[in-house]
Amino acid sequence: MTTAKEAPAVVPDFGDDDATDRKICFIASKGTLDMVYPSLIMANAALGEGVETHIFFTFWGMDIITKELSEDLQFTWMGNTAMHPPGKKMHMPQLVAGFPGMTKVATKMMKKQIADLDVPEVPEMVQMISDAGGQLWACKMSADMMGLGMDDFVDGVVDIISATDFIELSEGAQVIFT
Amino acid sequence: MPVATIAGADVAIDAEGFMTDSEQWNDDIGVSLAEQIGVELSERHWEVIRFVRDDYKAQGETPTLRRVSTVGGVPTKELFQLFPKKPAKKMSYVSGVPKPKGCV
């Protein structure tokens, strides 16, 4: 360390000396465009803070890591009465959500809003997380149910694991279900 | 606003230790800040620092990790190697700019 005369009064603690390392395991179980982002954004933020981060993709969340599907996740407000246009108190008629073409329209609008915030699309987001050291795991039961193997998944998926494996893996971790 | 002496110069810093006026920064201060957090600056580090500072000036805000990677052209993996554990925060600290605010 430099002498007191030269040393800055305060040096930020970037946690390099932390004895116990924090660990977070996200469970990603949804496959709609709006509901896949929470785990991805938070996982990315956790990695940026040096936290060991895992994501366990299960059920519809498998679509996030499936090569064929990850670019094309859809959004609808059908069955979601919480949906409203940004900042407006407007009530969106449920029936309209069911009109032909409305899912496509809603998905396009949502994608635009996400892009306007400079947030990447799902495939890029997954790649970023993997590059930053995030561990991506596929759920065995879901993989069996949907007939998927490692070849169907994007690069960065470590392995297909069972629920028991996940419970072992998440020992001592904060588990966040999305 | 606390003032610290870094590399022989008086520098305004915030409560956490980040510089509050990026104009007060110079290369020597950068080296000193890096030393304080155990980072030894290579040529590659300097490339990143230069991008962060230039982008901060041009955009008016600190680039996020993603921006340094996609616009700055330094792969995320490498950024984690250059500035381990908390790359975005460490980069901005050493470059004398505020912590990035973006979520991605």
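In this predicted model, the largest nonpolar core has 33 residues. Those touching the most other members are A:A28, A:I55, A:F56, A:F57, A:I65, A:I129 and A:A138. Several elements of chain A supply at least two residues each: the strands β1 (23-28), β2 (52-57), β3 (135-139) and β4 (157-161), and the helices α1, α2 (62-65) and α5. The largest share comes from α1(A), with 6 residues.

A:A28 shows how such a residue is surrounded. Leaving aside neighbours within four places in sequence, A:A28 is in contact with A:V36, A:S39, A:I55, A:F56, A:F57, A:G61, A:I64 and A:T178.

A second, separate core has 20 residues. Among its members are B:I6, B:W25, B:F83 and B:V94.

**Domains of chain A**

Chain A is divided in two. Domain 1 covers 22-71 + 121-178, and domain 2 covers 75-120. Their C-alpha centres lie 25 Å apart. The contact between them takes 7 residues from domain 1 and 4 residues from domain 2. On the domain 1 side, α1 (33-48) and α5 (122-131) of chain A give two or more residues each. Of these, α5(A) gives the most, with 3 residues. By class, the domain 1 side has 3 nonpolar, 1 polar and 3 charged residues.

**Where the chains meet**

The contact between the chains takes 28 residues from chain B and 23 residues from chain A. On the chain B side, β1 (3-6), α3 (65-70), α4 (76-82) and α5 (87-95) each supply at least two residues. Helix α5(B) gives the most to this side, with 5 residues. By class, the chain B side has 15 nonpolar, 6 polar and 7 charged residues.

**Helix α5 of chain B**

How many residues of α5(B) are buried? The count is 9 of the 9, so α5(B) is largely enclosed by the rest of the structure. The buried residues are B:P87, B:A88, B:K89, B:K90, B:M91, B:S92, B:Y93, B:V94 and B:S95. The cover over them includes α1 of chain A, together with α1, α2, α3 and α4 of chain B. Just after the helix, B:G96 takes a positive phi of about 75°.

Two packed helices are described by the angle between their axes and the distance between the axes.

| Helix pair | Angle | Axis distance |
|---|---|---|
| α2(B) (residues 43-59) and α5(B) | about 80° | 9 Å |
| α1(B) (residues 27-36) and α5(B) | about 140° | 8 Å |

Helices α2(B) and α5(B) are therefore roughly perpendicular to each other. Their contact is made by B:V48, B:I49, B:V52 and B:R53 of α2(B) and by B:M91, B:S92, B:V94 and B:S95 of α5(B). By class, the residues of this contact divide into 5 nonpolar, 2 polar and 1 charged.

Returning to the other pair, α1(B) and α5(B) pack at about 140°. That angle makes α1(B) oblique to α5(B). Here B:G30, B:L33 and B:A34 of α1(B) meet B:Y93, B:V94 and B:S95 of α5(B). This contact has 4 nonpolar, 2 polar and no charged residues.

B:V94 ties several of these descriptions together. It is a member of the second core and is buried. B:V94 takes part in the contact with α2(B) and in the contact with α1(B). B:S95 is likewise buried, and takes part in the contact with α2(B) and in the contact with α1(B).

Note on methods. Residues numbered from 1 in each chain as written. Chains lettered and ligands numbered in written order. Predicted model: local features only at pLDDT ≥ 70, side-chain atom pairs only at ≥ 80, totals over all residues. Contact = placed C-beta atoms within 7 Å. Helix = DSSP H or I, 4+ residues; strand = E, 2+ residues; numbered from the N terminus. Nonpolar A, V, L, I, M, F, W, Y, C, P; charged D, E, K, R; others polar. Domains from an automatic or database assignment. Axes fitted to C-alpha atoms, helices over the stretch in contact; angles between N-to-C directions. Parallel < 35°, antiparallel > 145°, perpendicular 65-115°, else oblique. Core = buried A, V, L, I, M, F, W, Y, C linked by C-beta atoms within 7 Å. Buried ≥ 20, exposed ≤ 12 C-beta atoms within 10 Å, placed from the backbone.
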